[in-house]
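Have the structure open as you read.

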Amino acid sequence: MSAGAPSERAAIARRLEAVGRLDDEAIPIAETALLLSALDHPTADLAKARALLEEISLAAETEAMARGLKTGVDAADADDGARDRAVLIADILHGRYGFDGDDETYDHDDNASLARVLERRRGLPVALGVLAMHLGETLGWPVVGVNFPAHFLIRVEGGMDRVLVDPFDRGRVVETSDLRALLKQVAGDTAELEPEHYRAVDRRAVLLRLQNNLKIRAAGRGELDRARDVLARMLLIAPTDWALWYELGLMRARLGEQLGAVQALEVFAANTTAEEPRRRALTLVERLRAELN
């Protein structure tokens, strides 16, 4: 299926809305990322992309069996080491299938589009992390995103331990000394590692981070229409993220879309518990309504 026709785009939007109603642990991470990317790439061959995901999953399962690592329901009580699991994921994704970080055209939108990442075998850390999380789903292994400052990492768990992995660096296991150096690089020499730096983020947050890359780049290029569209699709999968409604309202106000801005800001104002932003939203609503009248 391609997403060129309006009816097909509407069908994808409905599927993303359904994702928005799912509990976080039920969200199919790669399939959702693929649907989001199809909205940007209407000619993308989704059947081919899904076939590749299936092939990679099968290769990982076969390799896990060869290495004596438990998968599926048997993985839950297994004492297989986290490092062994992380190495297998890296060997499959980066070794056998050639996925790698794109440090030559890092800011290109293709690097945040899973359909294009599967074609090019290059992507942003979060896009490559989605693939690792997908393998975690397939294998029954806990593989989650970690919201490390300015650099997306994944955490692989196994037995009684866990390791952090850099999907942008061919799935390399990141040691504490590496993390400390990375943190100081982005947050200054006085920054020190805190428990929050190891904290997992939910699947919806990973997908929003993927889309946020597109939104920021579009806004930076002055493409506010596109930034608005990306915000709207983010709300399909995260309809109760009230901050996104506020941001959408501001974006529509900048575009001169007063009615749409009012609607988004009123949703935000009706649901937020943050008093000062709520006051600012209602003040803007009042001004926009005056412009409409």
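Let's start with β4, where six of the six residues are buried, so this strand is largely enclosed by the rest of the structure. Buried here means under 20% relative accessible area, with exposed over 50% and partly exposed in between (1.4 Å probe, protein chains only). Helices (H or I, at least four residues) and strands (E, at least two) are DSSP runs, numbered from the N terminus. Before going further: this is a predicted model, in which local features need pLDDT of at least 70 and side-chain atom pairs count only at pLDDT 80 or more, while totals for chains, interfaces and linings use all residues. Residues are numbered from 1 along each chain as its sequence is written, and side-chain values use heavy atoms, with hydrogens and water left out.

**The sheet around β4**

In a regular strand the side chains alternate between the two faces of the sheet. Both faces of β4 are covered: L153, R155 and E157 are buried on one side, and I154, V156 and G158 are buried on the other.

Where does β4 sit in the sheet order? The sheet is open, has five strands and runs β6-β5-β4-β3-β7 with antiparallel pairing. Strands pair if DSSP finds at least two bridges between them. At the edges are β6 (172–174) and β7 (200–201), each pairing on one side only.

Here are the pairings with their bridge counts:

| Strand pair | Sense | Bridges |
|---|---|---|
| β3 and β7 | antiparallel | two |
| β3 and β4 | antiparallel | four |
| β4 and β5 | antiparallel | five |

For landmarks, G145 stands opposite V201 in β7, V146 has L153 of β4 as its bridge partner, and R155 is bridged to L164 in β5. The turns are worth a look too. The β3–β4 hairpin has six residues between its strands, and A150 there takes a positive phi near 65 degrees. The β4–β5 hairpin has two residues between its strands, with G159 at a positive phi near 55 degrees.

E157 belongs to β4, and its side chain makes a polar contact with the side chain of R155 at 2.8 Å. A polar contact is a pair of N or O atoms within 3.5 Å; within protein, one must be able to donate a hydrogen and the other to accept it, and residues adjacent in sequence count only if both atoms are side-chain atoms. Setting aside neighbours within four places in sequence, E157 is in contact (heavy atoms within 4.5 Å) with A82, R85, P142 and R162.

α6 has 15 residues and reaches 21 Å from its first C-alpha to its last, close to the 21 Å expected at 1.5 Å a residue; the expected span is 1.5 Å times one less than the number of residues. Is α6 enclosed or open? 13 of its 15 residues are buried, so α6 is largely enclosed by the rest of the structure.

Take L114: beyond its neighbours within four places in sequence, L114 touches A30, A33, L34, S37, A127, V130 and L131.

H94 is in helix α4 and is buried, with a relative accessible area of 4%. The H94 side chain reaches the backbone oxygen of F99 at 2.7 Å. Among the other contacts of H94 are P167 and R170.

Most residues other than glycine have a negative phi. R170, in the loop between β5 and β6, has a positive phi near 55 degrees and is partly exposed at 41%. R121 has a positive phi of about 60 degrees. R121 lies in the loop between α5 (114–120) and β2 (122–123) and counts as partly exposed at 26% relative accessibility.
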